[in-house]
Amino acid sequence: MDEYAPQKTTSESIFSIDNLLAALGLSEAEYKSIQDLEEKNRYTPLHLKKKNGDDRVVFDPHPLVRKFQRRIKNRLFNQIRYPTYLYGSISDPEHPRDYISCAQRHCKAKTILKIDITSFFDFIDYDLVYKIFNELFFYSDEISEALANICTREGVVPQGAPTSSFIANLCFFDTEGRIVKGLERQQLSYTRLTDDITVSSAIQDKDLNKAKSTIVSMIEHAGFKVNEAKTSIESISTTAFKVHGLRVNKETPQLPRDEIRAIRAAVNNLKILSREPNARTSFDYRKRYESISGRVNKLARTGHPRYKKHRLELKSILPLPSQKDIRRCLTMLSTLMRDYDVFCSTPLYMKRYHRLRHRLILLQRVYKHEAKKIWTELKVLTPTKSKAEHEL
């Protein structure tokens with residue numbers, strides 16, 4: 001097996017719609033309902049703000065479309081062995097595939113090539129998705145067409161769909177591995193985090209123009225365009241390196257100093273806010289706390305010594321429940337009791353069950369008696385986990 005190319009780990013294939021529906025655990029009626037859905041009703045556009053203030057559009061699939069896509073993600077894409085140079089949306093407990101571990105591959109580099117792909121998802125079209133299912137998964141034409149139809153919107157892969165990031169990882173399945181193998185023979189490190197490609201060398205002022213030309217050819221041959229404004233070759237003698245926003249001049253990736261200062265300021269501002277009357281019981285405070293807590297976790301992930309201090313500070317100003325939370329927990333408990341007999345083995349029931357458990361953790365910080373009573377009643381409402389997991 002070629003370790004440089006994505007590989008299907010099973011010899012099983014799918015040649016008919018009946019086989020596909022059986023593999024996904026879905027009914028013919030559900031499949032027909034998707035086919036009957038008008039294109040405009042399959043997705044709802046959501047407008048989000050990027051860090052730089054620009055508008056970013058993602059698409060929320062119709063519940064039935066999302067259900068199909070989640071089954072495809074969990075039952076088909078998990079049959080692929082993803083090579084180690086790919087990062088993002090890949091489950092790999094032994095070797096995490098997030099942006100931090102991606103940056104780790106380039107620590108102590110002396111020369112770095114960065115290549116960004118313009119509007120990546122907008123150029124992943126129906127034909128490319130069909131090719132992935134047909135030539136990598138070895139599915140029949142009929143099945144490849146059906147899956148390409150379910151995984152695209154108006155002929156392209158939509159950002160926000162459960163399957164999109166997995167398709168993005170496989171866009172260069174037939175060429176990328178060969179190129180990476182050649183780069184490694186030259187002692188170069190290659191990674192791709194969705195649409196961000198990084199190549200690094202331990203040699204200062206290493207000429208990476210040939211590597212750049214080869215990778216650009218791969219990108220353009222597959223129908224994509226290079227974002228020249230975000231493509232560069234940098235040397236340690238001219239700039240301090242950052243990969244995915246992290247400094248890579250040491251043995252492990254480090255957060256930039258300005259971000260560390262910003263995290264410290266955010267924690268201090270939250271401490272000041274926590275002293276105001278009833279602040280810690282407000283919904284806005286909870287949102288801010290969760291956001292700042294996530295930023296503090298970055299310090300732990302990068303091994304920064306300030307993490308423990310900030311974590312202790314946050315622990316002393318935890319959000320607190322109000323009387324509304326008691327009423328909300330009782331309502332959630334009531335609906336679980338109502339639905340248990342019929343829906344206890346469904347994924348939605350499991351989500352609602354764990355949502356209540358999470359809210360009870362907040363409730364018991366102040367209302368211990370009420371929380372304990374709800375915990376007791378919740379014990380008999382545990383979802384049938386194995387069945388619920390099978391539904392995914």
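Predicted model: local features only at pLDDT ≥ 70, side-chain atom pairs only at ≥ 80, totals over all residues.
1. **Aromatic pairs.** Let's start with the rings. Searching the whole structure turns up 14 aromatic pairs. One of them joins phenylalanine 77 and phenylalanine 166: the ring centres are 5.7 Å apart and the planes meet at 25°, so this pair is stacked. The cut-off to keep in mind here is that planes under 30 degrees apart count as stacked.

2. **Where that pair sits.** Now find the two residues on the chain. Phenylalanine 77 is in the loop between α3 (63-75) and β4 (80-81), while phenylalanine 166 belongs to helix α7 (residues 164-169).

3. **A tilted pair.** Next, look at phenylalanine 137 and tyrosine 139. Their rings are 5.3 Å from centre to centre with 40° between the planes, and this aromatic pair is tilted. Both phenylalanine 137 and tyrosine 139 are buried.

4. **Negative patch.** Over to the surface, where Asp18, Glu28, Asp141, Glu142 and Glu145 come together as a patch of negative charge. Helix α6 (residues 141-150) contributes the most, with three residues. Glutamate 145 is found in helix α6, and its relative accessibility of 40% is why this residue counts as partly exposed.

5. **Positive patch.** There is also a surface patch of positive charge, formed by Lys250, Arg257, Arg261 and Arg264. Arginine 264 has its place in helix α10 (residues 257-274). With a relative accessible area of 33%, arginine 264 is partly exposed.

6. **Threonine 194.** A quick reminder before the backbone angles: most residues other than glycine have a negative phi. Threonine 194 has a positive phi, near 60°, and is not a glycine. Look for threonine 194 in the loop between β7 (189-193) and β8 (196-201). Its relative accessible area is 22%, so threonine 194 is partly exposed.

7. **Asparagine 278.** What is the phi of asparagine 278? The value is near 65°, which is positive, in a residue other than glycine. Asparagine 278 lies in the loop between α10 and α11 (283-301). Because its relative accessible area is 64%, asparagine 278 is exposed.

Notes:
Residues numbered from 1 in each chain as written. Heavy atoms only, no water. Phe/Tyr/Trp six-rings, centres within 6.5 Å; stacked < 30°, edge-to-face > 60°. Helix = DSSP H or I, 4+ residues; strand = E, 2+ residues; numbered from the N terminus. Buried < 20%, exposed > 50% of the residue type's maximum accessible area, 1.4 Å probe, protein only. Patch = residues over 30% accessible without salt bridge, like charges linked within 9 Å, V, L, I, M, F, W, Y side chains within 5 Å. Areas by Shrake-Rupley, 256 points an atom, 1.4 Å probe, with all protein chains shown as cover. Salt bridge = Lys/Arg side-chain N within 4 Å of Asp/Glu carboxyl O. Lys, Arg positive; Asp, Glu negative; His and termini not counted. Charge placed at Lys NZ, Arg CZ, Asp CG, Glu CD.
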